[in-house]
Structures are given as C-alpha cells and as structure tokens.
Amino acid sequence: MKIYTAQQIYDADKFTIKKQQITSAMLMERAATELFNWIHERLQGAPVLIHIFCGIGNNGGDGLVLARHLQDHGYHLKVYIVDYSKNRSEDFLINLERLKERKVWPTVIEKGSTLPEIGNEDIVVEAIFGLGLSRPPADWVLQLFDYLNTSKAFKVSVDIPSGLYTDRVTPEQQAVEADFVLTFQAPKLIFFLPGTGKYIGNWAALDIGLDQEFLAGRETTYDFVVQSELRPLYREREKFTHKGTYGHSLIIGGSYGKIGAVHLSARACLHSGSGLVTAYVPSCGYIPLQTAIPEIMLLTDPAEQQIEKLEFELEPSVIGMGIGMGTSEATAEAFSAFLKRNKIPLVLDADALNLLSADKELLGDIPPGSVLTPHPGELKRLIGSWEDDFDKLEKAHAFSKKYDCILVIKGSHTFTIYGEKGYINSTGNPGMATGGSGDVLTGVITALIAQGYEPLQATVLGVFLHGRAGDIAASEWGYEALSATLIIEKMGQAFRSLVSEPGKTGESKGGK
Ligand SMILES: NC(=O)C1=CN([C@@H]2O[C@H](COP(=O)(O)OP(=O)(O)OC[C@H]3O[C@@H](n4cnc5c(N)ncnc54)[C@H](O)[C@@H]3O)[C@@H](O)[C@H]2O)[C@@H](O)CC1
Ligand SMILES: Nc1ncnc2c1ncn2[C@@H]1O[C@H](COP(=O)(O)OP(=O)(O)O)[C@@H](O)[C@H]1O
Ligand SMILES: [K+]
C-alpha cells in the first residue's frame, strides 16, 4: 500500500475531479459519506451525543457534511466551528449552508470562547485541521486541543489528528490524541513514526474513489507492506526437493552467559525453512546447543568463553551474526579479520553492529546487499543521533546508499530501508518488546536468504512473518507472557497464514 505525500493526495484529488467530471464539493460529499457510513455502521443509531469540531477549510467541510448525514439519520449532535481564520474554503461554505438548511446552527469557537462540556460517554469527531496545516496553530487553538485531550470521550480525527504536519515534526508539536483516525484513501507516513504515531490510537483508510490509475502511477518513497503484496513473493515448496534445495545457514555469535541468543536465532532459522543450520559459538556453547537443538550442527571457536578466531571451512549460503557475541578486543579482532576474508551474504545484528559502530571503516568490508538489523540504540551508534523521525529516516537512507546495505530499523512499525525506498511493517505488537525477539528476527531473515529469496525480499517478508508470529502468539498468551521462544513456535502458523488467510488491508494497529 503506497504511502502518498500530502501533495500527491492533493494532485490525485484534482486529477479525479477532472477525469470524473465532478466538482470538489462532490468529492467532499463522497469522502464524508464514507466517514458517515463507517461511523453509522458501528453506532447503529445509538443515542450517544456526538460533538463535531470543524475547522474552516476542507477538513472542516468534511466535518460539516458528516454532521448533515448524522442529523438526517436522527443522531444527537452538537457542531462547532473553530474559527481560526476568516479564509473559509468554498466547499466549507457550501456545506455550512446545507447544514443550516437543516436548522443546525453550529456554535462558533474563537479566542476566549467558553469551551463546551464534553461527557465521558460522548463521542468527539474533530475535523479542525487536515492535510492543510502549514504553520503552528494559534495558542487558543492549542488550548482547545489540550481540552479535547483531557476529555475521556472517544475521539475520532478526520484524515489526520489536528495539529500534526504530514511532512515534518516540530519540537513544540501539540496535536489531538485520537483514539481513531479515519483517513482518506491511504494511511499517512506520520502514522508509523514513533514521534507522531503516538497520537494515533488506531486508524482506518476509507476509499473515496480517487483515480486508481493516477495513484498507481505515483512514485512513492514508502510502502506500507500488507499481506496481499507479500503473498506473490512466497515460494511454495516443491515436491522433488531436498534439504540442499533450501540452503545452509550459519549463525555466528554467543559468549559466556549469552549462548541463549544463538539458540534463539538458530532455532528460528530452523523453523523458518533453512535446509541446514549450523551455529558457530565459543566452546562453552557446544554442549548446551547440541543438547537443546539436535537438528542443528555446531562449529566451535577454540576459545572457551568468547569468539576469538572465527575461522571455518564451511561455505554456507548466508551468515547471520552478532547475537550475544560480545564486543571484547579479541572478538573485535576476529570479527574484523573475518570481514576482510568473507564474501558470503551477511545478516548483521546486535554486537556485530556495535563492533561496526566502534570502527566504521569495517563497514567498507561488508558484502553489498547485506542486512543490518539495529534496534534504536544500535541505530544511533551506527548513523549518529537524530533530531526527529524525519531526520532519522533521511540519515538511514543516506547510510544505506553509502554502504549499499539493507537497514532494518526495528520498532513498533519496523522500517526496512534500502537506498531511496522504505518498507513499513504492518505486523507485531508490544508483547514482542522482550529480550531475544530480535535474535529470532535475525534467524528468520537468514533462513529466507538461505532459501534463495533476494535479501530485500527476505528482509521485508521476514520482518512481516516475525511480527505475524508475534501477533499469533500474543492472541494466545497475551502481551506480558510473550517470549522469544513463543514467537518461534508460531513461525509455522505465520507462514501458513500468508497463504491461507485473506489478510486485512485498510485498517491497522495504532501507536498507543
Ligand atoms: N477535494 C479535496 O481536496 C478533498 C479534501 N478533503 C479534505 O480536505 C483536507 C485538506 O483541506 P484544506 O487544504 O482546506 O486544509 P485544512 O482544512 O487542513 O486547513 C484549512 C486551511 O487553514 C490554513 N491554515 C493552515 N495552518 C494554519 C494555522 N496554523 N492557522 C490558521 N490557518 C491555517 C490553510 O490555509 C489551510 O488551507 C483534507 O485533510 C481532507 O480532510 C476531503 O474532503 C476529500 C476531498
Ligand atoms: N512495541 C512493539 N511493537 C511491535 N514490535 C515490537 C515492539 N517492541 C519490539 N518489537 C519487535 O521485537 C524485536 C525486538 O528486537 P531487539 O530490540 O533487537 O530485541 P533483542 O535484542 O532482545 O533480541 C524487533 O523485531 C521489534 O520490531
Ligand atoms: K483532523
């Protein structure tokens, strides 16, 4: 699902209006009718009080159309005009007249107005600012946002939470904290970034019939990856195949007290379809790993407690490395010498990333197309600190281009960055914020590369399946009890769901 910029949406509006020979007011009618249908379907005429706060632009116009439809269907409502400017849009004015024809007279809220009482059981719909916000709102408007935020009423934002920009974040940012955002046509990038996503409890994208051909023709930087896009990538196993068909993964890592990390990666790799899995660990890992996972093979470093040599004859299809490996001087030296010799594709995580951050020259030695999977702390060490999420993305793209690597920014919505492009993951849950879940991801991506998936496809698919397995595990165990091992156990179901379930598209988890 492409993520469009505000300008691309405005362009699509214009194109659609021209091609379908409709007026902009008709497009607004269509958009707001979708809003109404969504709400009506859920409320079914319930006698709840709905407060609708409208701005004076087209976002406010949507609010007015919604108010008219709710009024026509007998809902109990109060409508307000947040009068932050005298530049009313044409379609706002048309719809204000249409509402007044129904004898609904909105209350004007301006600087100094007493704000309306909102009950805990009421519903607030806010259509104050949409994509058009271009400068900080006036203080009294910000106070209104605060007032809405302190209310316990369920808050629905139209298109985006008022106060958020679509293409930047400001340090003083103040916005409506929406329980639900009903957004037009496609989700917006800000829904998925930690700094702005927290204003979005949940969201749904409403199809307002913008021209599909025009939209499909737009180049976008980001894609919100949904199941229907991944399904065609999935390679079914064929009958006359053998373990050699599905690659040999080598998992390198571990140190005294952190052998479990290799256990998790290797097991995840095994359960994600790698034909063969070997682990390379310090000698202290031999007995526990051999005992815990009989299906894998082991190579050991001569050193007992940490990796100090990193030499082996094996020629695996791919190497996943760094988990639990430590960053001691001896390990760093072995790692550096290994990188100079190695030509095999790499998936680098945890301490491999920390070692690269400590000596950035080593980044020149990683094979092109390698996958790096940092969590935010590791990312900061790799690319330096950032001012906000947009700055972070810019630096991540620059890093990926400079070192020709795939950068996986792990988080609530994991971003896979490769060159100019970014892929936003749609699966996963806060239960996965538990030690070892990243080690599992390393194993999953490694296994997919071993099976012949291109590294970028393997990464995007692996991140999705890892999150899906976490979601399946959470539905059974809840968030608190979720553990990395439980994620691995659900990998099979995650693969199966890719082919057997229809998959949701227009609606997703939010940031709260
Ligand atoms: N035909 C269309 O273009 C459609 C637009 N739609 C709605 O239109 C919205 C965009 O509408 P607009 O472009 O009118 O913009 P908004 O309604 O978001 O904002 C209103 C106007 O306020 C002004 N403004 C921006 N920041 C301000 C500030 N801090 N203080 C005071 N004034 C400020 C701007 O001039 C802006 O145009 C979308 O988010 C969506 O809700 C939908 O109705 C679908 C169709
Ligand atoms: N709140 C969350 N929502 C969705 N996924 C999450 C959340 N928190 C963590 N995850 C996922 O769990 C994994 C955690 O990785 P990481 O921090 O490296 O863990 P560890 O180092 O303990 O293995 C990542 O894939 C991340 O995307
Ligand atoms: K809004």
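Which element gives the largest share of the shell around ligand 1?

A: In this predicted model, the largest share of the shell around ligand 1 comes from helix α3, which gives 5 residues. The shell counts 28 residues in total, and the closest to the ligand are Gly57, Asn58, Asn59, Gly130 and Gly132. The elements that give two or more residues to this shell are α2 (24–43) and α3 (58–72). Sorted by class, the shell around ligand 1 holds 12 nonpolar, 12 polar and 4 charged residues.

For the sequence context, the UniProt record (unreviewed entry) places the feature "domain: YjeF N-terminal" at residues 9–216. The span 9–216 is 38% helix and 17% strand, and its end C-alpha atoms lie 12 Å apart.

The model also contains an open sheet of 11 strands with mixed pairing, in the order β1-β9-β18-β17-β16-β15-β14-β13-β10-β11-β12. The strands at its edges, β1 (2–3) and β12 (297–301), each have a single partner strand, so one side of each is left without a neighbour in the sheet. Helix α14 (389–403) packs on this sheet, where it touches β16 (405–409), β17 (415–418) and β18 (421–424). The direction of α14 makes about 155° with that of β16.

Strand β10 (248–252) is mostly covered, with 4 of its 5 residues buried.

A further site comes from the UniProt record (unreviewed entry), which lists Lys410, Gly411, Ser412, His413, Thr414 and Gly438 under "binding site". These residues span 29 residues in sequence, yet no two of their C-alpha atoms are more than 13.7 Å apart, so they gather at one spot. Two of them illustrate the setting of this site. Gly411 is found in the loop between β16 and β17, and Thr414 has its place in the loop between β16 and β17. Gly411 is partly exposed, with 17 other C-beta atoms within 10 Å, whereas Thr414 is buried, with 25 other C-beta atoms within 10 Å. Beyond residues up to four places away in sequence, Gly411 touches Pro194 and Pro376. Leaving aside its neighbours within four places in sequence, Thr414 is in contact with Val408, Ile409, Asn425, Gly428 and Val463.

Conventions: Residues numbered from 1 in each chain as written. Chains lettered and ligands numbered in written order. Predicted model: local features only at pLDDT ≥ 70, side-chain atom pairs only at ≥ 80, totals over all residues. UniProt positions renumbered as here; feature names shortened; annotations may be inferred. Pairing = 2+ DSSP bridges. Contact = placed C-beta atoms within 7 Å. Axes fitted to C-alpha atoms, helices over the stretch in contact; angles between N-to-C directions. Near = placed C-beta within 6 Å. Nonpolar A, V, L, I, M, F, W, Y, C, P; charged D, E, K, R; others polar. Buried ≥ 20, exposed ≤ 12 C-beta atoms within 10 Å, placed from the backbone.
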